[in-house]
Amino acid sequence: MEKRPFEGLKVLDFTWGGVGPFQANFLAYYGAMVIRIESAARPDVTRQHGNVIPRGGAASVDKKTLLEYSPAFAVTHPVKKYGMSLNINNPKAVEIFKKLAKWADVFVESFTTGTLEKRGLGYEDLKKINPRLIMHRTCGYGHTGPMASQPGFGQTVTSLTGFYTITGWPDRKSVPISSFYTDHLSPLFGGLALITAIDYQQRTSQGQCIDQSQIESGINYLSPLILDYTVNQREPVLTGNKCAYAAPHGAYRCQGNDRWVAITVLIDQEWESFCGVVGNPGWTKDAKFNTLDGRIKNSDELDKYINEWTQNFTAERVMAMMQDAGVAAGVVATAQDSEEDPQLKAYNFFREIEHPYLGPQKFFHPPGFTLSDATAELHRPVILGEHTEYICTEILGIPGEDFTKMEKEGVFD
Amino acid sequence: MLSCYRILDLTNEKGFLCGKALGDFGADVIKIERPGGDPARSLGPFYHDIPDPEKSLYWFAFNANKRSITLDIETADGREVFKRLVKTADVVIESFAPGYLDKIGLGYSILSQINPGIILTSISGFGQKGPYRNYNDRNLAVWALSGYMYITGEPDRPPLAPSYPHAHLIGAMNGAVGTMIGLCQRRFTGRGQQVDASSHQGLVFAISIETKLPWALQKINVTRDGRERVKVMSKDGMIKMPLLWECKDGSVAYNFWLGPGFAVPNRALVEWIKESGVDPGILGRFDWEKDGFQNYTLDEVKDVRRVLEQFFMKHTKMELHDGALERRIQLTPVLTPKDLLEFPQLVARNFWREVEHPELGTKITYPGGFVKTGIGDCGVRFRAPLIGEHNDDIYKSELGMSTEDMINLKQRRII
């Protein structure tokens, strides 16, 4: 059988929240063996917010099991991982951690600067144990500089990229695109760096430490805006739904409650097709709409006419009619729409997986790309510490009675 | 790290970032433009607002670290030249309409016969297969279908798209990640493969925690609420609090984190509110170890909002930044490009990079690398290419063409 891209790769996942896990997940989707280290005493923040209440009430399960009722954690970890519970405040746990670092090819972590260093688990320490190791570290602001020790949360990290200044109506204040936008954008850059380092390691047997600052990655999506400032001293301008090189361009109201379709027309050919779809009414023949320039200058009036037309149809119907004629249109989709989206279905994008505590759930999915010769494999999320004994005794070769002794000492809490 | 890889970049503006990101790690990326220059060179903004194909800042931003040749692959002669280049390449990146390369005889089945190790990375709005594969995938259509448009904007106005369109940047980055995974697998199998990157799927991936969970669990469709993105459960119901708050000279992002883990910074915040001459109201009575908003009424939560609004308006965004750092409060200033260039954290990390543009007679400041690597560099090493700047390097020095060959190709509009 064909070898998978990361088959045989040994990965240590010591990440929390979003961002870190998404990067380790690329490896897990494609065949790596990932050991995820967590601590029940200090659970991952995603395990603690928005949790579903168990059927018998919160008191019907122990605190540790309650941590498994998190949909946010589940959707963040839709891949096979081996769960290790370890409390790194215990010196014996630090020794086990070092054994794992020797075992691993890759170590991904996202804790605040200093967390690992002060326990002797920084890159300089681990490099001595395992010179080949790739240590991939991601944090909000970077591991050096005045903000190095600050924990980063997506809501506030995004603010330091420029992403909160690019959306809004010209007569109102800018609005966020999402509640934690960079949490999902920076892992693509970080994931690329991680996989690049793995490719390099396979070619040269060399390891290294990679330092990702999520704001630095985030800014790399906005380079043209940065250059517009450094070269032209110009800051981003809010344009509502208007576009300097397209008209029509915007969201148009359709039949139903808060249903919209987005339409964008750039070139004359698209405009002619657009006019055909709406039935070539009189207003489309008005000279002022003949040219792109005219359409942009008179876009408010144009939008008014279009809205009068679109509100007679469902958003799906408008999209279908427009796209049939080669005009770019898209339903302004809700989450419900996405669940029924035929294009996503063609890719089997959302998958139902039986979650041990949440039951069957449909929100699991692979990455935003597919490979022709490798499949992204999904799996139910890891349960905290579910493989601790297996990892210690089978993988690290720790004798059974030593393991039991350490368990009693709280090494694995 | 990637200097051993040769990448042929056939993308338009949808896919530039893929080759740029790989080029940031040293890959040898050859941007192939049609004779006369890529149409995307018409994308603004422009250097000093001069609309010249060699002055597009969009081109500068996402085609740095690439060399450029001109070649018309729509001609049979052009395709033969391209096939010669494929022999020694590792990756071909493209963002044509799905099926186009097959149609002109440069599809994966042909390319892999020429070079079994070739990876063909295709970036598109919706993907290479499926009912939307032939859809017109301009940015706004993809953005709307992703779900992001529905949840952005004001409740009393239509759904809102960003003024900086960037849906395809996510598709391009998905393409870059997929490409590297393909190269890793090639080490085992000796063969290349195809990477199908979809901006739509990349965005649906990104939005899934935010909107898919509420739908899957409670059949709730998250809607737009301006700056109010933080859900708070009070004693008598749910209310949304702002994520972005106005301050004296701009805005800040502040997300109220509760619980014992945040008790120390929350207490520090209350002190700071008092020091600023604002009555903290119920915040002064909170038991930060135990209290949550569920112990308070809707009106009391609204009071908390008023207190914060007053407090933020007393300070500039950088005062709030400095104070938050000291007190370890999760509060950040909303920064514009100008602010970013002066921001201490970025300056201290030497993030900003000067890049030479000899034709313009100047250096331009660019963002630095998206990560810092232990081996090699990550970031802009040289500016984006001029039209056909490396025709001689590739056609003459590498493919061994003579000056006469080049003149012929030029006159026949192949290059």
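# A guided tour of chains A and B

Strands here are DSSP runs of E with at least two residues, helices are runs of H or I with at least four, and both are numbered from the N terminus. The model is predicted, so local features need pLDDT of at least 70 and side-chain atom pairs count only at pLDDT 80 or more, whereas totals for chains, interfaces and linings use all residues. Residues are numbered from 1 along each chain as its sequence is written, and chains are lettered from A and ligands numbered from 1 in the order in which they are written.

**The contact between the chains**

Now extend the selection to strand E12 (residues 369-371) of chain A and strand E6 (residues 194-198) of chain B, which pair in the antiparallel sense over three bridges. Two strands are taken to pair if DSSP finds at least two bridges between them.

Within E6 of chain B, select Ala197(B). Is Ala197(B) buried or exposed? Ala197(B) is buried, because 32 other C-beta atoms lie within 10 Å. The cut-offs are 20 or more other C-beta atoms within 10 Å of a residue's own for buried, 12 or fewer for exposed, and anything in between for partly exposed, with C-beta atoms placed from the backbone. Leaving aside residues up to four places away in sequence, Ala197(B) touches Gly368(A) and Phe369(A) from chain A, and its contacts in chain B include Thr121(B), Ser122(B) and Ile123(B). Contact requires that the C-beta atoms of two residues, placed from the backbone, lie within 7 Å. Select Ala21(B) as well: it stands 176 residues away from Ala197(B) along the chain, and their C-alpha atoms are separated by 15 Å.

Next, display both sides of the interface, where 124 residues of chain B are in contact with 119 residues of chain A. On the chain B side, helix H8 (residues 199-218) supplies the largest share, 17 residues. By class, this side of chain B holds 73 nonpolar, 35 polar and 16 charged residues. Here Ala, Val, Leu, Ile, Met, Phe, Trp, Tyr, Cys and Pro count as nonpolar, Asp, Glu, Lys and Arg as charged, and the others, Gly among them, as polar.

**Chain B as a whole**

Colour chain B by domain: domain 1 covers 6-206 + 350-411, and domain 2 covers 230-334. These bounds come from an automatic or database domain assignment. The C-alpha centres of the two domains of chain B lie 44 Å apart. The C-alpha trace of chain B spans about 85 × 50 × 45 Å along its principal axes, and its secondary structure comes to 15 helices and 13 strands. Of the 415 residues of chain B, 52% count as buried.

In the loop between strand E2 (28-33) and helix H2 (57-63) of chain B, select Pro45(B). The peptide bond from Gly44(B) to Pro45(B) is cis, with omega near 5°. The loop between E2 and H2 of chain B also holds His48(B), which has a positive phi of about 50° although it is not a glycine. His48(B) counts as exposed because it has 11 C-beta neighbours inside 10 Å.

**Strands and a helix of chain A**

Move to strand E1 (residues 10-14) of chain A, where four of the five residues are buried, so the strand is largely enclosed by the rest of the structure. Four bridges join E1(A) to strand E2 (residues 33-38) of chain A in a parallel arrangement, and Lys10(A) has Met33(A) as its bridge partner in E2(A). Trace the chain from E1(A) through helix H1 (residues 20-29) to E2(A), a right-handed β-α-β crossover. Right-handed means that, with the strands pointing away from the viewer, the path from the first strand over the helix to the second runs clockwise. E1(A) also pairs with strand E4 (residues 106-109) of chain A, in the parallel sense over four bridges; Val11(A) stands opposite Val106(A) in E4(A).

Then select helix H7 (residues 182-204) of chain A, in which 20 of the 23 residues are buried. Ser205(A) follows H7(A) and has a positive phi, near 60°.

**Last stop**

Finish in the loop between helix H9 (223-232) and strand E7 (249-253) of chain A, at Pro248(A). The peptide bond from Ala247(A) to Pro248(A) is cis, with omega near 0°.
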